[in-house]
Amino acid sequence: AESKIVFPNDGSIISASQAAMILQPRVLVVSVGNDGIANVDQYDFINRYATLIENIQKASPETWILCLPQTSVTVDYNMGDGLTAARCNEANTWLQTVCSETGAYYCDAVSAVQDVSGLLLQEYASADGRTLNSSGIAQILQYLRYHAVPLS
């Protein structure tokens, strides 16, 4: 709920809500990694993610929060940690619940780097089969540019 980030202005390690309080961004894109998703409980995920969003909302009430879903894994991912495309997709339904409950926006940017079955396309994956490469990140950013939430 109080995940730490590297603050871009000075490189310090602070919480996402502290960064939002300082910067008061008009739009904030939240994307968490898929480490541990294979072993996390649905209700724990929802509660912690909702707390993260609520803390950001309290710190920066005018900020529009866009939540990006979990990226998936490639078809040949070794699954040594139990992570599967199905589990990533399941976690994304939990994230939709969080967005519904908190008023944050669910932004399906990962559809730009996945196939119709929900697998991460090889061309956007790093050698590990689960992390986006620079082309994948570029695709996500391109998606955000053309599918942004209209600001009033």
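Reply: A crossing is left-handed if the near helix is turned anticlockwise from the far one by less than a right angle, and right-handed if clockwise. Helices (H or I, at least four residues) and strands (E, at least two) are DSSP runs, numbered from the N terminus. In this predicted model, α2 passes α3 in a right-handed crossing.

Me: Which residues of α2 and α3 make the contact?

Reply: Contact means heavy atoms within 4.5 Å. On α2 the contact is made by Q42, F45, I46, Y49, A50, I53, E54 and Q57, and on α3 by A91, W94, L95, T97, V98, E101 and T102.

Me: How confident is the predictor in the protein, and where is confidence lowest?

Reply: The score is pLDDT, the predictor's confidence in each residue, from 0 to 100. The protein has a mean pLDDT of 92, with 95% of its residues at 70 or more. Confidence is lowest in strand β1 (residues 4-6), at a mean of 88, and highest in α2, at 96. Local features need pLDDT of at least 70, side-chain atom pairs count only at pLDDT 80 or more, and totals for chains, interfaces and linings use all residues. Residues are numbered from 1 along each chain as its sequence is written, and side-chain values use heavy atoms, with hydrogens and water left out.

Me: Is V116 buried or exposed?

Reply: Buried means under 20% relative accessible area, exposed over 50%, and partly exposed in between (1.4 Å probe, protein chains only). V116 has a relative accessible area of 92%, so V116 is exposed. V116 is found in the loop between β5 (105-106) and α4 (134-146). The C-alpha atoms of V116 and S31 are separated by 21 Å, and these residues are 85 residues apart along the chain.
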